[in-house]
Amino acid sequence: MAEANVVLLDFWPSSYGMRVKIALAEKGITYECKQEDFQAKSSLLLETNPVHKMIPVLIHNGKPICESLNIVQYIDEAWNHKPSLLPSDLYKRSQARFWGDYIDKNVYNSVKRVWTGKGKEQEEHNKQFIECLKTLEDELANKPYFGGEDFGYVDVALVPFTSWFYTVETFGKLSIEEECPKLVAWAKRCMQKDSVATSLPHPHKIYAFALQYKQRHGLE
Amino acid sequence: MENEDVKLFNFWVSPFGKRVEWALKLKDVKYDYVEEDIFNKSNLLLQLNPVHKKVPVLVYSCVQLPPPFAVPNIVHAHKPIAESLIIVEYIDETWKHYPLLPRHPHHKAHARFWATTVEQKLGKAGWVAMSRSGEEQEKALKEANDIIEKIEEEIKGKKYFGGENIGYLDVALGWIAYLVPVWEEVGSMKMIEPLKFPGITSWMTNFLSHPVIKDTLPPRDKMLLYYHNRRNNSQNLHKV
C-alpha cells in the first residue's frame, strides 16, 4: 500500500528507530526515511518533537507521533489490516504492553552500560545485562515468538537490540549465545522475516559506529 | 453468564494505584481493595508481580458459567496485570462504557505520549523538589517548570484533558492535582503558581471536585506526615 504522506525521522543505529521500520514493513507501508544528525538536529525534528528532541518521530499526514512503542501501537491502530502486532485477546494485549515497557526500562541502559563500560564496573554491567536477557528468555519460554505462534509487538520491541549483540559481546567479552541460547535462536528466527532483515543494520556496522562513538567520547 | 472478581493490590498513598482506582470507579466496576505495605511486601504480591515486585497490581478473575443444558465449560482465568497505565488501558478495553482513551489513533497516541512524558519529567523533578534543598531543589524546580509550561498549553481552553469529560490523560495526570500541593508544602516550594498557570489550576479544581474523584483522596494530614518522613530520610541519606 503506497502512502504518500508517511515520513520517519530516524538515526540508523537507533534500536528505537528500527522498531518503527519493522512495524511499517510488517504492514506494507511505504514511507520516506530522513536521517537525523545528532550534532545538528533538523528544524523538522525540533518542531515535531519539541519535548524530547529525539528520534524516532513518525509524521503521518503532517501530524507527528513520538516515542517508538507509542508509534508502533499507532501504526497497528491506524493501519488495522493484518498482520496485527498487538494480540486481540485483551489480557494478552496487556501482557504484551507490560513486556514492551519492561524492555524500554531495562534493555537500552543495560546494553549501553556494557559497551561503554570499563574497569571494575564491567563485570557488574555484564551481570545486569545477562540477568535482563534471562528474564526475557524466561518469558519467551518455548514459544517461537513472544506473542506465541505469530511475530508481534514484543518481538518488534526487542529484536532491534540484537543488532547490538556483536558490539556488546566484543566490548563486554561475553557470549550471549552461551548464556541465553533460546533468545539467540529467537533472534535468528526473527531475522528470517523480511521486515526484520531489511530494518536491522549489519552488526559489524553497529560495532564500527560504537567504536567511533567511544573514541569520540574518550571511552576506550 | 459470568462471575467477575476484581482485586486491586495497592499502597494507600501510591499515585499509581490511585489511577487504577479512578478508572475502576469512573466505569462503576466493583472491586476489592487489598492494602499492601510496600516496606514489607507480602509473598502474594511478589508472586503476582515477580518482575517489578510493586503495586499496583490488578487481578481479574472471570468464571464463565455454561448456559443451561450446554456442555459444562468452566473457564477460570486468574489474571494479574501490573504497571498502572497498562492496567488503565486494560480496564478501558475490558469495560467499554465511559471510554477513557480517545477513539482516533492519533488522539490516542497523543494522550499516551503525554501520560508517560509528564510522569517521567514531572514525577522525577517534583520528587527531587519535594525531598531536596538548595541547588538541587532549584534545578529540579526549573525542570518542573519546563514541563508544567507544556501541560498548560495542553489544557488551554479545556475543562479536562479529555474535553468535557474526564479521560485517560486526566486519570494519568490526576496525581498532579492532589499530590503537587502536598509536595509543595513538604518541600517549602511552589511548582504551580495559579497566576502563571491558570489553565492547570482550573483543571485541578475541576478534577478534584468531580463526584467520582472527590472522595477518593488519601487524608491530607496523613500524606503530609508520610512525605515529610520520606523527605527526612532522603536528606539523611545524602548527608556527608
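**Ground rules.** I am reading a predicted model, in which local features need pLDDT of at least 70 and side-chain atom pairs count only at pLDDT 80 or more, while totals for chains, interfaces and linings use all residues. Residues are numbered from 1 along each chain as its sequence is written, chains are lettered from A and ligands numbered from 1 in the order in which they are written, and side-chain values use heavy atoms, with hydrogens and water left out.

**Chain A against chain B.** I looked up the contact (heavy atoms within 4.5 Å) and found 24 residues of chain A touching 24 residues of chain B. The buried area (accessible area, 1.4 Å probe, that two parts lose on being put together, summed over both) is about 2200 Å², with 65% from carbon and sulfur atoms. Val51(A), Tyr91(A) and Phe98(A) supply 27% of what chain A buries here, more than any other three residues. I noted 5 salt bridges between the chains, a salt bridge being a side-chain nitrogen of Lys or Arg within 4 Å of a carboxyl oxygen of Asp or Glu.

**Arg112(B).** I followed this residue to Glu77(A), with which it forms a salt bridge at 3.0 Å, N to O, and then to Glu89(B), where the closest N and O atoms of a salt bridge are 2.8 Å apart.

**Domains of chain B.** An automatic or database domain assignment gives the bounds, and I have domain 1 as 4-94 and domain 2 as 105-237. Their C-alpha centres lie 25 Å apart, and they bury about 1800 Å² between them, 72% of it on carbon and sulfur atoms.

**Two helices of chain B.** Helices here are DSSP runs (H or I, at least four residues) and strands likewise (E, at least two), numbered from the N terminus. The axes of α6 (168-187) and α7 (198-208) of chain B come within 10 Å and cross at roughly 100°, which makes α6(B) roughly perpendicular to α7(B), the word covering 65 to 115 degrees. Axes are lines fitted to C-alpha atoms, for helices over the stretch in contact, with angles from 0 to 180 degrees between N-to-C directions.

**Backbone.** Most residues other than glycine have a negative phi, and most peptide bonds are trans. I found a cis bond joining Ile55(A) and Pro56(A), with omega about -5°, and a cis bond from Val55(B) to Pro56(B), with omega near 0°. Glu67(A), not a glycine, has a positive phi of about 75°.

How values were computed. Angles under 35 degrees count as roughly parallel, over 145 as roughly antiparallel, 65 to 115 as roughly perpendicular and the rest as oblique.
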